[in-house]
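User: Got a model here that I'd like to go through. Can you take me over the sheet and the ring contacts?

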Amino acid sequence: MFPAPWLTLLLVLSITGSPVEAANSPTSVPITSRVNFSNGTYNFVAHDRARLQALRDRSKHGQRLIGVPLTNNYVVYTISVDIGNSPTSYNLILETASANTWVGASIPYQETATSVRTNQPVTVIYNSDFFEGMVLLDTVTVGPGLTVIEQPIGVATHSQGFAGFDGVFSIGPITLTLETLPLMPAVPIPTITDNLVNQNIIPADILGVFFQPYAGSPQESTGQLTFGGTDFALHIDNITYTPITNVPPASDYWGIDQGITYGATLISPFTAGVVDSSTICIAIATQAFQLYQAATGGQYDPATELLVISDNQYGALENLDFHIAGQIFTLTPNAQIWPRALNARLGGRADSIYLIVRDIGMPFGQGLDFVNRYVFMQRFYTVLDTPNSRVGFSATRLTEATTN
């Protein structure tokens with residue numbers, strides 16, 4: 001057992017232990033999507049709505065409320081993580097809007113010679129679901145050459161809503177760990193990327209995120225998470241960076257400022273919102289959505305809660321442009337629609353065309369005026385740059401894919 005003062009410093013500061021062999025260069029690991037059709041059709045619009053409400057509520061009700069049940073999403077990206085020596089492998093949900101990494105939801109945590117108990121309880125509430133348990137220090141490996149020692153992780157004694165998964169691998173800002181240690185609520189918990197840097201395993205606390213658009217398989221597609229920088233093979237342009245917004249509550253997350261045009265029509269002025277991989281549809285402020293609906297001719301479909309358009313309207317669909325840091329990131333007409341091969345999974349008609357842009361349910365000026373969600377990140381390589389407090393984007397070879 002470590003002395004309490006040393007343990008406090010260990011949790012407050014990133015760990016500086018001796019690294020395992022590493023090249024101190026960006027390193028990539030695969031991530032895999034799992035499509036959630038366990039209950040037949042899936043109302044991801046309801047999930048997105050609940051997720052958005054939780055993002056708002058966190059700023060009103062305290063730091064510990066950070067999201068909604070991640071496993072209820074239509075698509076969940078997972079990463080395989082080894083913990084201990086000899087290690088146990090855990091299949092963890094990749095999450096951008098929280099920062100606590102924890103295990104034990106399905107496969108129990110196995111203590112080994114590298115496990116250190118801290119006697120520090122930890123609790124994270126995901127709206128109606130949660131995990132609670134204890135913080136332990138252990139050796140964590142997320143890929144070849146990516147091993148950290150004495151990494152604080154949550155070990156669940158109780159959890160709800162994570163059936164089929166072993167826990168959560170969080171890549172949100174470290175401030176999202178505040179209020180999760182009941183005995184030390186003002187103390188942040190170092191993230192795995194913090195300690196990969198401080199143990200000299202990667203050069204910087206930077207993550208490159210690549211999600212592959214729908215490619216024809218209804219159950220699985222792949223992506224890649226790069227620790228320490230970007231993977232030049234996955235993006236075709238220079239990275240355009242924009243600072244984290246200073247407008248709350250977006251500033252608590254990977255929040256940015258942007259404007260949006262549809263064709264030649266300005267539908268959203270520069271305003272604050274977030275980048276979030278754990279929801280599907282792009283959500284925009286009510287006034288912007290009304291302009292988008294009028295311009296596309298989309299009609300509300302009660303079965304799916306999405307806008308539906310005709311073949312002729314799809315043929316006339318224009319680009320949806322996101323203006324970020326002086327650059328334009330374009331969602332082509334195909335990128336603005338739901339994959340038609342999966343219409344039945346929404347309870348929709350097989351021959352219909354559904355748009356994936358939704359009303360956020362609030363007017364401009366709320367500090368959360370848009371969410372660039374999974375369908376946006378499928379088309380643009382995304383960089384989460386902690387030391388420079390910024391988010392970056394670049395086109396990929398799949399930005400203009402027509403697989404939907």
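This is a predicted model: local features need pLDDT of at least 70, side-chain atom pairs count only at pLDDT 80 or more; totals for chains, interfaces and linings use all residues.

Analyst: We'll take the ground rules, then a sheet, then aromatic pairs and charges over rings.

User: In what order do the three strands of the open sheet run?

Analyst: The order is 15-16-19, with antiparallel pairing. Strands are DSSP runs of E, at least two residues; helices are runs of H or I, at least four; both are numbered from the N terminus. Two strands pair if DSSP finds at least two bridges between them.

User: Which strands stand at the edges?

Analyst: Strand 15 (299-301) and strand 19 (353-354). Each has a single partner strand, so one side of each is left without a neighbour in the sheet.

User: How many bridges between strand 16 and strand 19?

Analyst: Two, with strand 16 covering residues 306-309. V308 has Y354 in strand 19 as its bridge partner.

User: What lies across strand 15 and strand 16?

Analyst: Helix 4, residues 286-296. Helix 4 runs at about 15° to strand 16. Axes are lines fitted to C-alpha atoms, for helices over the stretch in contact (heavy atoms within 4.5 Å). Angles run from 0 to 180 degrees between N-to-C directions.

User: Switching to rings. How many aromatic pairs?

Analyst: The structure holds 12. Rings of Phe, Tyr and Trp (its six-membered ring) pair if their centres lie within 6.5 Å; planes under 30 degrees apart are stacked, over 60 edge-to-face, the rest tilted. Y77 and F211 are stacked, at 4.3 Å centre to centre and 25° between the planes. That pair links strand 2 (residues 75-84) to strand 9 (residues 206-211), 134 residues apart.

User: Is Y77 buried or exposed?

Analyst: Y77 is buried at 5% relative accessible area, and F211 is buried at 1%. Buried means under 20%, exposed over 50%, partly exposed in between (1.4 Å probe, protein chains only).

User: What about W102 and F131?

Analyst: Their centres are 4.3 Å apart and their planes at 10°, so the pair is stacked. W102 is in strand 4 and F131 in strand 6, 29 residues apart.

User: Which residue lies over the face of Y241?

Analyst: R390, at 3.6 Å from the ring centre. The cut-off puts NZ of Lys or CZ of Arg within 6 Å of the ring centre and within 35 degrees of the ring normal. R340 lies over Y314 at 5.2 Å.

Definitions and conventions:
Residues are numbered from 1 along each chain as its sequence is written. Side-chain values use heavy atoms; hydrogens and water are left out.
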